[in-house]
Amino acid sequence: MVSSAQKIPAYSPQTIEPKWQKIWEERRQYEATESDVKAKFYLLEMLPYPSGDLHVGHARNYTLGDVIARFRRMRGLNVLHPMGWDAFGLPAETAAIARGMHPRAWTASNIANMRSQIKKLGTSYDWTREVDTSSPEFYRWTQWLFLLMFRKGLAYKAEAYLNWCPKDKTVLANEQAEGGVCWRCGTKVERRKLNQWFFRITQYADRLLEGLDRLEDWPERVKTMQRNWIGRSEGATLSFEVESGIGHVDVFTTRVDTLFGATFLAIAPEHPLLPRLIAGHEEASAVEAFAASLKDKTELDRTQLMEKQGVFTGAHAKNPLSGERIPIWVTNYVVAEYGTGAVMGVPAHDQRDFDFAREHGIVIRTVVKPADAASVPSASKLPSAFVDDGVLVNSGEFSELTSAAARTAMTAKLVAKGAGTPTVNYKLRDWLISRERYWGAPIPMILCPRDRYVPVPESELPVRLPDDAPITGVSGSPLEHVPSFMNTTCPKCGGPATREPETMDTFMCSSWYFLRYLSPHDAREPWSQKAVRYWAPVDHYIGGIEHAVLHLMYSRFFYKVLADEGLVPGDEPFMRLFNQGMVLGEGHEKMSKSHGNTIGIDEAVRKYGADALRIFEMFAGPPESDFPWSTTGIAGATKMLQRIWRLVLQHEPALRPQLQSGGRADVDGRPSDAAETELRHSVHAKIKQIGDELDDRMHLNTCVAAIMSLINDVDDFAAKHEHADESPAFAEALRTLLLLLAPFAPHIAEELWERTGHEGSIHQQHWPAYDPAALQRASIAVVVQVNGKRRGVVDAPPGLDENAVFEKAKIVETVAAQLQNKRVRKLVYVKDKLLNIVAN
């Protein structure tokens, strides 16, 4: 032990943290290369958007990933842990307009600031692999991937009703307008008919769905969200012939067994047959007015928020099985983009149809009754629709069949008549990828008057963004106003042509960026095949739940397309997914600039140090849960680190490598007394606990708690043993404490490692292995309760059964006193931990 005369220097994170960050960078300590002898571990946090300043809420995500990266390296794995920037996107363009500067300059400034902030956290990123998705070196390959999609028939341009944000003045994919509002600004979206580029993600719907079953290490919540968004349903497409030979209305249904109960058809206002249906009918003007009133209504408005409204078209169709003549209505709750844009109305067996029929006086006919029902209730007396399977009634030759049997039989008859076909339908729609904005990757297509859309030759990539586009925020693409960009020649015929003026959605970049990290400076190909065969797929992916559908679905789609081309191994990009929670303000509201409650990383590191910030954020709660920022909590983290600092430096001799083999021990090197045995048990229990947690649940908060417990045990041993520094068990405990601390507080662990005479980096040491023998104990303390209140403790051999522990408990004086004159009713025993005696 260091004598009291030798003053221990003060713990100064503001000094030691920049020191070690500089040393790690100079050593190039965290750069990764492929290895023939080490197993790989590809760890990634979701690509951040360079918004400007990071706060302590952002720090949680990066710290969480860094703890895992450092732990895996100490476990002997070859860890790839890169960082980059999702730099394209609307916010940069909006900020540029507000500040009168170019988006490129604004983005570059933000990246420089955020890179500095992330480095201050002591993160172990391989910065040689940094990517910027707005650089031509990156988006050249984004354009190359677009051309790959086009060659495979997966990219196409079409006119469709789309989501439009009136504030950001841009179109949005369905996934970006969930809930009827813009995902970025929260403005209510409108519906506009526009000509845009799409990817046929629907062709991969089944594979996207099936792949979820193999992702065992993904949160079930995320998989459920993706399953619901894909929305697979099996049924049949039925054809209802329209009177007067106008044509036919196709409808998709999962309940073909209710076909005899269809008493009306409902079609979308955008249905292509509508003008012919109403031609010559007196209802035409009312239908046209109704359709016009819905043009600016969102899908959410029409399907969920508005009352169910409709107008009779004046036209009728024929039921394909019963031959019944049924009216055709145009309604607000049917949308053109889902299914066929038409549904059959079965009021008795669909609640929405039931409500609509009651409102408009449409016939309600029961055709399915509960299997145990003796009679069919009168339609006029139905309180609501019966929506379950049952037994068919009023359904001609199909009556008395079960719903399941009827679906099979009725579908077969429809197929035989040419009036139906079995169908699988999806809620998922093709991915809208084009935007009428400037700050994005230009779409590498040329419009020729003769050859229509022609891809830009790969040798001419990248199609660069011009610097002189007018960025005003008005509707329409800014690139349209740059003649030097727009005017070109057709690669096919050599005639005059124009470039595509729209740019790609920023989700294009984030759908494949994790592959570019593998060879970020390669000018010949988007990623090295050697590198991708070694590193891919990503082993552990960390990010927010808000990306469950958008980014993660698109990335999975991209990866499956690339797998079909033989460009990547496997067909899933991310093997394990972890969704971290948020750091809230001290008032428990979301931390944001608009709330004025952000704590900047610079401020927190300057005041408390990065290690204290890391410890606080990892300890404050389970990493998947939200928790509020607490100045008291981070002050407690600082005190913990100060305590470790003093403890290690006070007992520096115990950690000197040349002295660690000395001290009092018996012949096999094992501890020589009970206190040392107990300390060694604590050490190896903590090694096992923390290793298991980092491997499995990732409950880093319990890991920090275990480190705190070990500090107490080591400190207590030192206080009770004058010659603690001579104890091998104590030396082992101190050394283990530093090794276990290293992933969580990398700077102080590195500094103390050096100060105690060790060579090399602590982060390049092996993670300690626990000794199973050290976890065994001759006896353990079992807590004894009487009626739920602690009354004593008994020492018992591990594994002792309930009755034997009870016999020992009965002779404990404080327990016996509580049992006097009482009858034992029940024993509740938790083996090796607790016995509760229920008595009265």
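Which residue in S24 is the bridge partner of Leu43?

1. **Ground rules.** This is a predicted model, where local features need pLDDT of at least 70, side-chain atom pairs count only at pLDDT 80 or more, and totals for chains, interfaces and linings use all residues. Residues are numbered from 1 along each chain as its sequence is written, and side-chain values use heavy atoms, with hydrogens and water left out.

2. **A parallel sheet.** The bridge partner of Leu43 in S24 is His540. Strand S1 (residues 40–45) and strand S24 (residues 540–543) run parallel and are joined by 3 bridges; strands pair if DSSP finds at least two bridges between them. Helices (H or I, at least four residues) and strands (E, at least two) are DSSP runs, numbered from the N terminus. The open sheet has 4 strands in the order S2-S1-S24-S25, with strand S2 (78–80) and strand S25 (577–579) at the edges.

3. **A helix on the sheet.** Helix H2 (residues 56–74) packs on this sheet and touches S1, S2, S24 and S25, its direction making about 170 degrees with that of S1. Contact means heavy atoms within 4.5 Å; axes are lines fitted to C-alpha atoms, for helices over the stretch in contact, and angles run from 0 to 180 degrees between N-to-C directions.

4. **The largest core.** A nonpolar core is a set of buried Ala, Val, Leu, Ile, Met, Phe, Trp, Tyr and Cys residues joined through side-chain atoms within 4.5 Å. The largest one here has 93 residues, and Phe146, Phe199, Trp431, Leu515 and Phe557 are those with the most contacts inside it. Helix H17 (residues 550–564) gives the most to this core, with 10 residues. Another core, of 91 residues, lies apart from it and includes Leu54 and Trp629.

5. **His316.** Look for His316 in strand S11 (residues 310–318). His316 counts as buried because its relative accessibility is 14%; buried means under 20% relative accessible area, exposed over 50%, and partly exposed in between (1.4 Å probe, protein chains only). Beyond its neighbours within four places in sequence, His316 is in contact with residues including Glu241, Glu243 and Pro327.

6. **Two cysteines.** A disulfide is a pair of cysteine sulfur atoms within 2.5 Å, and the count by this rule is 0. Cys448 is in no disulfide, the nearest cysteine sulfur being that of Cys493, 3.6 Å away. Cys448 is buried, at 1% relative accessibility, while Cys493 is partly exposed, at 31%.
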